[in-house]
Amino acid sequence: MDVAHNATHRLQGGSVSTDTGTDALARLADERVDHRFKGLPPDADGLTVGELTAQRRNLFSDGFATPVLALSAERLEHNLALMESYTARHGLAFAPHGKTSMAPQLFRRQTEHGAWGITLAVPHQVRVARAFGTRRIFLANELVDAPALRWIAAELERDPEFRFVCYVDSVRGVELMEAALKGNGSRPVDVVVELAAGEGARTGVRGEAECAAVADAVAAAETLRLVGVAGYEGEVPQADPDRVHAYLRRLVELAVDLDAAGHFADADEIVVSAGGSAWFDAVADVFAGIPALSLPVRKLLRSGAYVSHDDGRYKEVTPFNRVPEEGALEPAFRLWAQIVSRPSAEQAFANAGKRDAAYDLDLPAAQVVRRDGTERPATGVSVTGLSDQHTWLATTAEADLQVGDWVGLGLSHPCTSFDKWQLIPVAEADGTVVDYVRTFF
C-alpha cells in the first residue's frame with residue numbers, strides 16, 4: 001500500500017500531479033514519529049513513518065497504545081474499488097469530497113481509482129490539496145474571501161494544468177469575486193450556479209429567475225467564467241426519493257435553460273454536479289437523463305464518506321441499501337480502547353472519549369472484545385455516553401468484561417472521525433499495520 005504505488009503511469013493527465021504531488025507524498029514517510037501522534041508505540045519515537053511502516057508491527061501485540069484508531073486495509077480498498085466501478089457503470093465523473101478525510105494519501109488513491117478530481121469546502125483545504133499536487137479541485141461552496149481568491153488566481157497563473165471550479169449564488173458574491181480578482185492573473189475563475197435544495201435549506205439560489213440574474217452577473221464579470229450548475233440534494237427538506245428526484249430534475253432543467261440562453265458560450269464543457277453520500281443513486285438516475293446540450297456535459301458526483309464508510313449514520317442511509325445488486329460499502333474504521341475501570345457488574349469504562357471518537361451523529365457502538373489475543377463479539381456491552389476521555393459502557397449479565405480488555409468500537413460519521421487523528425494506522429485483518437495515513441485539518 002505504498003502511497004505512490006504506480007502513480008506515475010496511472011496518473012498522466014489526471015487530477016494529481018505526478019511530480020510535485022508524488023514528491024510531497026513521499027516526504028510524508030520522512031516525518032518523525034513522536035508525541036504528536038496518538039496511539040502509536042512509545043518506543044517508535046524518533047523513527048520515521050517510513051521506518052515504522054517497514055517494521056510491519058501488529059496493532060495488538062507490538063506496542064500500540066490505547067486508544068488507537070485504525071483503518072482496515074482490505075475494507076478501504078474494497079470501498080475505493082466499489083465506487084470506481086459504480087461511477088463508471090453510471091457514466092459519472094467522480095470528485096469525492098476530500099473534507100471527509102483531509103488525507104492527501106487517500107486523495108491519491110481515490111484518483112488512482114478513477115476520480116476526476118477532489119471536492120473541497122474551504123480555501124485551507126484547497127491549499128492542502130494543492131501542496132500535494134491535486135490538479136482538479138471542485139470547491140462545493142461560495143468563495144468571497146479576497147486573500148483566498150487572489151491565491152487561487154496565482155495558482156491558476158502558475159500552473160496551466162490546474163482546474164478550479166467553485167459555487168456562486170448571489171450577484172453580491174459575484175461582485176466581491178470580481179473586485180478581488182481584477183488585476184490578478186489572466187485566467188478566469190470557473191464558477192457554477194448553486195441551486196438551493198429548497199426553502200430553508202442551506203446555501204444556493206432559491207429560484208430560477210434569481211439564477212439567471214446571477215448568471216448575467218457572471219457574464220458581465222471579466223474574471224469569472226460560468227461553466228455549469230450544482231447543488232446538494234442532501235439538504236432537500238424532508239428528503240425522500242420523490243423530493244430528491246424532483247430537486248435534481250430542477251437542477252438539470254436549470255442547466256438546460258442557462259445553456260439555451262447562451263450562458264455557457266465561453267466554457268469548454270458544461271458541469272452538472274450533485275451528490276452526497278445518501279442519495280447518489282438518485283443522482284445517477286436523474287443525470288442519466290440529461291439531454292444533449294451545446295457542449296459536452298460532465299456529470300460530476302461528489303460523495304465522500306464512502307472511503308471509510310461507517311457503522312452508524314452512513315450504514316443506515318447509504319444508497320446501496322436501496323440497490324443491493326450494485327454492491328455494498330464496508331465500514332473501515334475501528335477505534336480500539338481499553339477497559340480501565342469496572343466499578344460494578346452493570347458498568348465499565350474504557351479510555352477513549354470525545355477527543356477520540358465521533359459523537360455528533362451517533363455514539364460509538366461496542367463491537368468486539370479482545371483478551372489474550374482472542375477476539376469475540378461484545379455481547380452484553382453497550383455504549384451509553386462519552387466524556388472527554390472515557391467511554392461509558394453498560395454491561396449485562398452476558399458481558400464477560402475485565403479491566404485490561406480491549407474493546408473495538410464502531411464509529412458513526414467519517415468526517416468527524418478522521419479529524420481527531422493526525423496519523424492513522426492502516427491494518428490488515430490479522431492486525432499487521434501496512435501503512436499510516438496522515439491527515440491535515
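In what order do the eight strands of the open sheet lie, and in what sense do they pair?

**View 1. The open sheet of the predicted model.** The eight strands follow the order S2-S9-S8-S7-S6-S5-S4-S3, with parallel pairing. Strands are DSSP runs of E with at least two residues, helices runs of H or I with at least four, both numbered from the N terminus; two strands pair if DSSP finds at least two bridges between them. Strands S2 (93-94) and S3 (118-120) form the edges, each pairing on one side only.

**View 2. The pairing of S4 with S5.** Five bridges join S4 (residues 136-142) to S5 in the parallel sense. Glu142 stands opposite Tyr167 in S5.

**View 3. The buried face of helix H9.** In H9, Cys211, Val214, Ala215, Ala217 and Val218 are buried (under 20% relative accessible area, 1.4 Å probe, protein chains only). Seen down the helix axis, these buried residues fall within an arc of 155 degrees (taken from the directions from the axis to the C-beta atoms), so they line one face of H9. Ala209, Ala219 and Ala220, on the other side of H9, are exposed (over 50%).

**View 4. The packing of H9.** The buried residues of H9 pack (heavy atoms within 4.5 Å) against S5 (163-168), H8 (171-181), S6 (189-194), S7 (224-230) and H10 (241-260).

**Conventions.** Residues are numbered from 1 along each chain as its sequence is written. Local features of this predicted model need pLDDT of at least 70, side-chain atom pairs count only at pLDDT 80 or more, and totals for chains, interfaces and linings use all residues, while side-chain values use heavy atoms, without hydrogens and water.
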